[in-house]
Amino acid sequence: MKLLIVFAALCAIALAAPVDDSSKAQILRLEADVQPDRYNFAWETSDGNKHEEQGELKNLGPEDDAIVVRGSYSFVADDGKTYTVNYVADENGFQPEGAHLPNVPIGN
């Protein structure tokens with residue numbers, strides 16, 4: 001019986017211990033504007049991550065509406081460096097660019 005009481009007391013102490021939230025990122029900035037024909041958003045967190053994006057409706061023909069998206073995101077990798085990717089996504093697909101990404105030409 002004493003062992004059960006000691007075990008319950010240890011479980012209660014473990015559950016009551018304060019949680020270290022320092023490893024959780026905090027939102028520093030959050031913006032968004034959504035309209036019928038366009039949108040944009042941006043966010044930034046305390047751990048160095050960022051993402052910004054704009055999109056707008058593009059009419060390629062009478063029945064070929066498409067959304068053209070431009071944006072960028074940055075993140076801090078395990079090596080401590082910040083990496084940034086700029087991109088466009090449109091009728092030609094997703095086209096990322098970044099100093100850390102390989103630059104491979106697309107053949108015809």
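The model is a predicted one, and its chain runs α-β-β-β-β-β-β, that is, one helix and six strands. Of the 108 residues, 16% count as buried. The accessible surface comes to about 8800 Å², with 57% of that belonging to carbon and sulfur atoms.

Tyr-87 has 7% relative accessibility and counts as buried, because the cut-off is under 20%. Ring pairs also gather Tyr-73, Phe-75, Tyr-83, Tyr-87 and Phe-94 into a cluster.

As for charges, a search of the whole structure turns up five salt bridges. Arg-29 takes part in a bridge with Glu-52, with the closest N and O atoms 2.9 Å apart. That pair links distant parts of the chain, as Arg-29 belongs to strand S1 (residues 27-34) and Glu-52 to strand S3 (residues 50-59), 23 residues apart. Arg-29 also meets Glu-31 in a salt bridge, at 3.7 Å from N to O. Partly exposed residues here include Arg-29 at 24% relative accessibility, Glu-52 at 34% and Glu-31 at 42%.

Another bridge pairs Lys-58 with Glu-91, at 3.2 Å between the closest N and O atoms. Lys-58 lies in strand S3 and Glu-91 in the loop between strands S5 (82-90) and S6 (93-97), so the bridge ties together parts 33 residues apart in sequence. Shared partners join Arg-29, Glu-31, Glu-44 and Glu-52 into one salt-bridge network.

Definitions and conventions
Residues are numbered from 1 along each chain as its sequence is written. This is a predicted model: local features need pLDDT of at least 70, side-chain atom pairs count only at pLDDT 80 or more; totals for chains, interfaces and linings use all residues. Side-chain values use heavy atoms; hydrogens and water are left out. Helices (H or I, at least four residues) and strands (E, at least two) are DSSP runs, numbered from the N terminus. Buried means under 20% relative accessible area, exposed over 50%, partly exposed in between (1.4 Å probe, protein chains only). Accessible areas come from the Shrake-Rupley method with a 1.4 Å probe; for residues, only the protein chains shown count as cover. Rings of Phe, Tyr and Trp (its six-membered ring) pair if their centres lie within 6.5 Å; planes under 30 degrees apart count as stacked, over 60 as edge-to-face and the rest as tilted. A salt bridge is a side-chain nitrogen of Lys or Arg within 4 Å of a carboxyl oxygen of Asp or Glu.
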